[in-house]
Amino acid sequence: MAINWFKYSAPSTFYGLAGKLVPWFAWPAALLFCVGLYIGFFVAPTDVVQGEAYRIIFIHVPASILSMFIYLIMAAYAALGLIFNTRLSAMMATALAPTGALFAFISLWTGALWGKPMWGAWWVWDARLTSELILLFLYLGFIALQASIEDTRRADRAGALLAIVGSVNVPIIYFSVKWWNTLHQGSTIKFTGTSMHIAMQQAMFTMLVACWLYVIAISLVRVRSIILERERNTQWVKELAEIKQ
Amino acid sequence: MNRLSLTSLLLLVIRRDLLLAMRRRADVLTTLVFFVMVVSLFPLGIGPEADTLRKIAPGVVWVAALLASMLSLGRMFSADYLDGTLEQMLLVPQSLSMLVLGKIVAHWMLSGLPLVLIAPVLGLQFDMSAQALWVLIAALLLGTPVLSMIGAIGAALTLGLRGGGVLVSLLVLPLCIPVLIFGAGAVESVTTGMSAVSHLSLLGAMLMFSLVFTPWVSAQALRISME
């Protein structure tokens, strides 16, 4: 059976689909968060070198991975919107940006909390930290640009161009920061290369999946609001049950 | 009607922008004075020890150059946008990318080149060695055009927006970080006794890369902003 995917590229049909999909992602996300945190806090053993504080990585690592990944997804959606002129792709890009910025921020914040007991400093100009900070700046630039443009069509397209330029720049920034760091001074503290305990792996993986599902759920919720906001003058919105009440 | 060749179009745009700027010299001077002032503020804030100053000089000069180029970005398209010239420029049959490149070159000659020329004088204030000064000039010569080119994208995207000046810095500054790193790094590698060639080569690579892509991207951004 061939599914007509294009049917759901129209905001009016996707609105209903997104509404049905949200619980399917939100509940597993909540469940997996609980499971992941339980394994992380109670099952996973205390680290020999880092003590209890290492448990921050169970939220830190998924947040870092997703903050970078969301930027790519966002740029891909933005590019789709720019090339094929699909409204929904641009809305998805807009919906993903705040979540990406949130994860970048969580990653920096938990990184600082982890760095204080481990490195003895809240902030180190390490290549990874610095590039994560720049990534947060890129997200904020994208959000600020879209927020300051009234015309949604122009906002979508301008944001898309910025996201694409940013994603081309991300590897350049990453490597320049890395070289900058190694040229200044060798990184004095490195991750210990010991193999991870199986329970730690499970906790990390569960948390990663949970965060992932959360991202999907929250961006679907957000894209529903964006659809409603932009299509508020159309007939199909006026006929929605939740609007009529 | 004879059609302009690409080179003559480029030269025409550069000449026009330079001429317009020469009619209002204060704008060009403001950027330069801003640059000199920001650089001069650092010794006042940090202290007059020559050792410290020598160490921070390349970074200070580069950050000031970055800020000064942000300051002048608003002028790249806004005057033409306000009096309707830009709309006509979008309609010409010649390549818009070339036209934008002309504007970028003119912007660099007005805001980047003066900084390159004055930087050695400021370097002397920071007690930099002659060798370091030469590298600083070379790095600025390679790096400041990149700032103008990346800035053009931001300027085109924020055309006619409220608070465009702050917004353009927010968009462009993170993208300029590689230039800052290698620009300042080039000078620092010389002062620590290493060769600056690798840094300068990377700056050159960035210049070539942006020379190919940024005029086209800025042209697209202009079309988005003007439709």
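In this predicted model, 25 residues of chain B are in contact with 29 residues of chain A, contact meaning heavy atoms within 4.5 Å. The area buried between chain B and chain A is about 2300 Å², and carbon and sulfur atoms give 75% of that area. Buried area here is the accessible area (1.4 Å probe) that two parts lose on being put together, summed over both. In chain B, the residues that lose the most area to chain A are B:Leu157, B:Leu175 and B:Ile224, together 24% of what that side buries.

Residues are numbered from 1 along each chain as its sequence is written, while chains are lettered from A and ligands numbered from 1 in the order in which they are written. As this is a predicted model, local features need pLDDT of at least 70, side-chain atom pairs count only at pLDDT 80 or more, and totals for chains, interfaces and linings use all residues; side-chain values use heavy atoms, with hydrogens and water left out.

What polar and charged pairing is found across the interface of chain B and chain A? The rule finds 0 salt bridges there, a salt bridge being a side-chain nitrogen of Lys or Arg within 4 Å of a carboxyl oxygen of Asp or Glu. There are 3 residue pairs in polar contact between chain B and chain A, both residues at pLDDT 80 or more. A polar contact is a pair of N or O atoms within 3.5 Å; within protein, one must be able to donate a hydrogen and the other to accept it, and residues adjacent in sequence count only if both atoms are side-chain atoms.

On the side of chain B that touches chain A, the elements giving two or more residues are α6 (130-157), α7 (164-172), α8 (177-191) and α9 (197-226) of chain B. Helices (H or I, at least four residues) are DSSP runs, numbered from the N terminus. The largest share of this side, 8 residues, comes from α9(B). By class, this side has 18 nonpolar, 4 polar and 3 charged residues. Ala, Val, Leu, Ile, Met, Phe, Trp, Tyr, Cys and Pro count as nonpolar, Asp, Glu, Lys and Arg as charged, and the others, Gly among them, as polar.

Over all chains, the structure holds 10 salt bridges. One of them joins the side chains of B:Arg24 and B:Asp27 (3.7 Å, N to O). B:Arg24 is exposed, at 54% relative accessible area, and B:Asp27 is partly exposed, at 23%. For these terms, buried means under 20% relative accessible area, exposed over 50%, and partly exposed in between (1.4 Å probe, protein chains only).

B:Asp27 also meets B:Arg75 in a salt bridge (3.9 Å, N to O). B:Asp27 lies in helix α2 (residues 25-46) of chain B and B:Arg75 in helix α3 (residues 50-82) of chain B, so the pair ties together parts that are 48 residues apart in sequence. B:Arg75 is partly exposed, at 35% relative accessibility.

A further salt bridge links B:Asp51 with B:Arg54, the closest N and O atoms being 3.4 Å apart. The two residues are 3 residues apart in helix α3 of chain B and so are separated by about one helical turn. B:Asp51 is exposed, at 57% relative accessible area, and B:Arg54 is partly exposed, at 34%.

In chain A, A:Asp156 is found in helix α5 (residues 152-184) and is buried, at 13% relative accessibility. Its side chain makes a polar contact with the side chain of A:Arg230 (2.8 Å).
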